[in-house]
Amino acid sequence: MKLKILSWNIWCGIHLDKVIDFLKSADADVIALQEVIENERGNIAAVIADALGHKYVSEIETEMTFPPMPLRAQGKIVKYGNAILSKRDIVSSKVHALSSLKRRVALQADIRTDDNDAIRIF
């Protein structure tokens, strides 16, 4: 099985329409995004996933032992984190705390493979 995987810091979705256009043309099977925010349009990961027809999991929508990192973006305090998008089903996900002091985490998504197994993406 071949998978095309793309990772991108989207800078809080400042150029969201251009990000979506590029991701459509890249046609990746799995997309890992950093600096995903929730703003007046909602969770930017959900907006992108909807535009691409992908499933997604987002750190800012996952229950955690500490709240999502607040960030000043576009002149407001917003929720901020990571997301993983996939053409394939996401069978489970988890947020791993790497450092509660500096608020660093790794987002895990288990993605269904052709043989009904799963591949783990961080």
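Which backbone nitrogen does a side-chain oxygen of N43 reach at the start of α2? The backbone nitrogen of A45 lies within 2.8 Å of that oxygen. Such a polar contact is a pair of N or O atoms within 3.5 Å; within protein, one must be able to donate a hydrogen and the other to accept it, and residues adjacent in sequence count only if both atoms are side-chain atoms.

The model is predicted: local features need pLDDT of at least 70, side-chain atom pairs count only at pLDDT 80 or more, and totals for chains, interfaces and linings use all residues. Residues are numbered from 1 along each chain as its sequence is written, and side-chain values use heavy atoms, leaving out hydrogens and water.

**Helix α2 and the residues after it**

Helix α2 spans residues 44-52, and its buried residues are I44, A45, V47, I48, A49 and L52. Buried means under 20% relative accessible area, exposed over 50%, and partly exposed in between (1.4 Å probe, protein chains only). Helices (H or I, at least four residues) and strands (E, at least two) are DSSP runs, numbered from the N terminus. The cover over the buried residues of α2 includes α1 (16-26), β2 (30-39), β3 (42-43), β4 (55-58) and β6 (76-86).

Just after the helix, G53 has a positive phi of about 75 degrees. H54 sits in the loop between α2 and β4 and is buried, at 14% relative accessible area. Its side chain reaches the backbone oxygen of L52 at 3.2 Å, and a polar atom of the H54 side chain lies 3.3 Å from the backbone oxygen of A28. Leaving aside residues up to four places away in sequence, H54 touches A28, D29, I31, A49, L85, S86 and K87; contact here means heavy atoms within 4.5 Å.

**Salt bridges**

There are five salt bridges in the structure, each defined as a side-chain nitrogen of Lys or Arg within 4 Å of a carboxyl oxygen of Asp or Glu. Among them are these:

| Pair | N to O distance |
|---|---|
| D27 and K87 | 2.6 Å |
| K87 and D29 | 4.0 Å |
| R120 and D110 | 2.7 Å |

D110 is buried at 7% relative accessibility.

Salt bridges with shared partners join D27, D29 and K87 into one network. D27 is partly exposed at 45% relative accessible area, K87 is partly exposed at 32%, and D29 counts as buried at 17%.

**Nonpolar cores**

A nonpolar core is a set of buried Ala, Val, Leu, Ile, Met, Phe, Trp, Tyr and Cys residues joined through side-chain atoms within 4.5 Å. The largest one has 23 residues, and I31, L33, I48 and L85 have the most contacts inside it. At least two of its residues come from each of α1, β2, α2 and β6. The greatest contribution is that of α2, with six residues.

Which residues does I48 touch, not counting those up to four places away in sequence? They are I10, L16, V19, I20, L23, L33 and L85. A second, separate core has nine residues, including V30, I84, V95 and I121.
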